[in-house]
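Good morning, and thank you for the time.

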Amino acid sequence: MKQEHSADPSVLYLDADTEITEAIEKLKKASDDEVRVVVPSRSGLLQSSVNVKLLKKAAKDSKKELVLVTNDKITKNLAGASGVAVAS
């Protein structure tokens, strides 16, 4: 059963070992205009500014608003420096 487009954002839960290419594909497939990506604190996925920028570009290209949900300080700092919204 496919869920209809709603005002609530899509939430993508990433595993600690998720690769950036997989995260981008999940982001592109999300049905909502706002996508919250939950990143585990032990994940190395967004410990790199390159990966944060790749995810931001994929969101922009897909016309989606990206919000990273994490408690990881490095990810928060990199996201902030790249202009990506962060929630904890």
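Helices and strands here are DSSP runs, numbered from the N terminus: a helix is H or I over at least four residues, and a strand is E over at least two. The model is a predicted one, in which local features need pLDDT of at least 70 and side-chain atom pairs count only at pLDDT 80 or more, while totals for chains, interfaces and linings use all residues. Residues are numbered from 1 along each chain as its sequence is written, and side-chain values use heavy atoms, with hydrogens and water left out.

Let me begin with the overall layout. The protein chain contains three helices and four strands, and from the N terminus on they follow the order β-α-β-α-β-α-β. The radius of gyration, taken over C-alpha atoms, is 12 Å, which agrees with the value near 12 Å for a compact globule of 88 residues; that rule is 2.2 Å times the number of residues to the power 0.38. Along the principal axes, the C-alpha atoms fill a box of roughly 35 × 25 × 25 Å.

I turn now to the sheet. Four strands form an open sheet, ordered β1-β2-β3-β4, with parallel pairing. β1 (10–13) and β4 (85–87) stand at the edges with a single partner strand each, so one side of each lacks a neighbour in the sheet. From one strand to the next, the twist averages 25°, where axes are lines fitted to C-alpha atoms, for helices over the stretch in contact, and angles run from 0 to 180 degrees between N-to-C directions.

Two strands count as paired if DSSP finds at least two bridges between them. β1 and β2 (residues 34–38) pair in the parallel sense over four bridges. Val11 has Arg36 as its bridge partner in β2, Leu12 stands opposite Val37, and the bridge partner of Tyr13 is Val38.

In β1, Ser10 and Leu12 form the covered face, and Val11 and Tyr13 the uncovered one.

Finally, the interior. A nonpolar core is a set of buried Ala, Val, Leu, Ile, Met, Phe, Trp, Tyr and Cys residues joined through side-chain atoms within 4.5 Å. The largest has 21 residues, of which Leu27, Val37, Leu46, Leu55, Leu66 and Leu68 touch the most other members. At least two residues of this core come from each of α1 (20–29), β2, α2 (49–61), β3 (65–69) and α3 (73–82).

Contact means heavy atoms within 4.5 Å. Leaving aside neighbours within four places in sequence, Val37 is in contact with Leu12, Leu14, Leu66, Val67, Leu68 and Val69. Leu66 is buried, at a relative accessible area of 9%. Not counting residues up to four places away in sequence, Leu66 touches Leu27, Val35, Val37, Leu55, Lys56, Ala59, Val84 and Ala85.

How values were computed: Buried means under 20% relative accessible area, exposed over 50%, partly exposed in between (1.4 Å probe, protein chains only).
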